[in-house]
Amino acid sequence: MEKKNIDWSNLGFGYVHTDYRYVSNYKNGAWDDGVLTEDANIVLNECAGVLQYAQTVFEGLKAYTTEDGHIVTFRPDLNAERLEASAARLEMPVFPKERFVDAVTRTVKANAAYVPPYGSGATLYIRPYMFGSNPVIGVKPADEYQFRIFCTPVGPYFKGGAKPLTIRVSDFDRAAPHGTGNIKAGLNYAMSLHAIVTAHQEGYDENMYLDPGTRTKVEETGGANFLFITKDNKVVTPKSDSILPSITRRSLVHVAREYLGLEVEEREVYLDEVKDFAECGLCGTAAVISPVGKIVDHGKEICLPSGMAEMGPVTKKLYDTLTGIQMGRLEAPSGWIHVIE
Ligand SMILES: *Cc1c(COP(=O)(O)O)cnc(C)c1O
């Protein structure tokens, strides 16, 4: 199969139109068979549930080429399960797991010419999502839904090496206690936009959100979970009901324990103890781990000993091991790599 003529290593993280996308409609209590289409546009009634009351959830994963030339995705079954949990919380129907994985597979296959080659650092980002599509004006769930998947090639997250980030402790909250912080819903992102725009204006890369109830514990950033390394090489990751269960973070916890023999603590992490950690990273699909070099709490700077030049050594080991598993250089735990072709 001939690849598209794209300068893979200079791609950014933006939308690039690809040839095919998957669509399935839910009506009268059932999903239809689903099709691949070349039509990238959606025509909706002006009163559609998604437009009025933000009834929409999404997922994010990537397809890439392994060292031996296969196109694969990483643990898509977990994206299916998380979408199911997100949909349930917003009173939306379940898109079955087997169908989700099949739809991802078909969409990637149809766009195989856009899957970047091994070694380019680029990937094909896959965006499954679901939304209420029929008119809703009284506040209630929609009766009809559309599930779609599109994909877009994205460039290497770190061009010229991973530079540690500077983040600030935010005065805004991203999730209410017992709210929707633990599901992947557009509404959590809409409310984070002001916080990220102002953070950027003030020279910070990201916001560290604290627990909304007491504002003393570390939660996550707008789109990535935290991972800390203690001075005696333990991995510590915040546990909370209002953070999004990152598949990358859960995979890194397994890698830390089973591949690197590190001790892992999943527990509440107080902002007060962050100054004692040796390393800090942000985990998510896009970058796997982004190192954090500095955390600023209202003018008070916490400088991680790993510094502002490179990833800390333990973070780097975690990063190299997980990306090695993803790329087929290291043996993966059973079920982690889903081969598309
Ligand atoms: C998607 C997301 C993450 C990262 O999850 P991955 O499954 O690792 O990509 C973390 N936090 C939030 C708020 C997210 O939406």
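Between domain 1 and domain 2 an area of about 1,500 Å² is buried, and carbon and sulfur atoms give 66% of it. Buried area here is the accessible area (1.4 Å probe) that two parts lose on being put together, summed over both. On the side of domain 1, Phe58, Arg82 and Arg89 lose the most area to domain 2, together 39% of what that side buries.

The model is predicted: local features need pLDDT of at least 70, side-chain atom pairs count only at pLDDT 80 or more, and totals for chains, interfaces and linings use all residues. Residues are numbered from 1 along each chain as its sequence is written, and side-chain values use heavy atoms, with hydrogens and water left out.

Domain 1 spans 8–154 and domain 2 spans 165–325, with bounds from an automatic or database domain assignment. Their C-alpha centres lie 26 Å apart. The contact (heavy atoms within 4.5 Å) takes 17 residues from domain 1 and 19 residues from domain 2.

Across this interface the rule finds seven residue pairs in polar contact, both residues at pLDDT 80 or more. A polar contact is a pair of N or O atoms within 3.5 Å; within protein, one must be able to donate a hydrogen and the other to accept it, and residues adjacent in sequence count only if both atoms are side-chain atoms. Salt bridges across the interface number zero, where the rule asks for a side-chain nitrogen of Lys or Arg within 4 Å of a carboxyl oxygen of Asp or Glu.

The ligand is surrounded by 15 residues, and the closest are Lys184, Tyr189, Ser246, Thr248 and Thr285; a residue counts if one of its heavy atoms lies within 4 Å.

| Residue and its N or O atom | Ligand atom | Distance |
|---|---|---|
| Arg82, side chain | oxygen | 2.8 Å |
| Glu220, side chain | nitrogen | 2.6 Å |
| Ile247, backbone | oxygen | 2.9 Å |

In the whole structure, a search finds 17 salt bridges. One of them joins the side chains of Asp19 and Lys4, at 3.3 Å from N to O. Both residues lie in the segment before β1 (21–27), so the pair ties together parts that are 15 residues apart in sequence. Strands are DSSP runs (E, at least two residues), numbered from the N terminus.

Definitions and conventions
Helix = DSSP H or I, 4+ residues; strand = E, 2+ residues; numbered from the N terminus.
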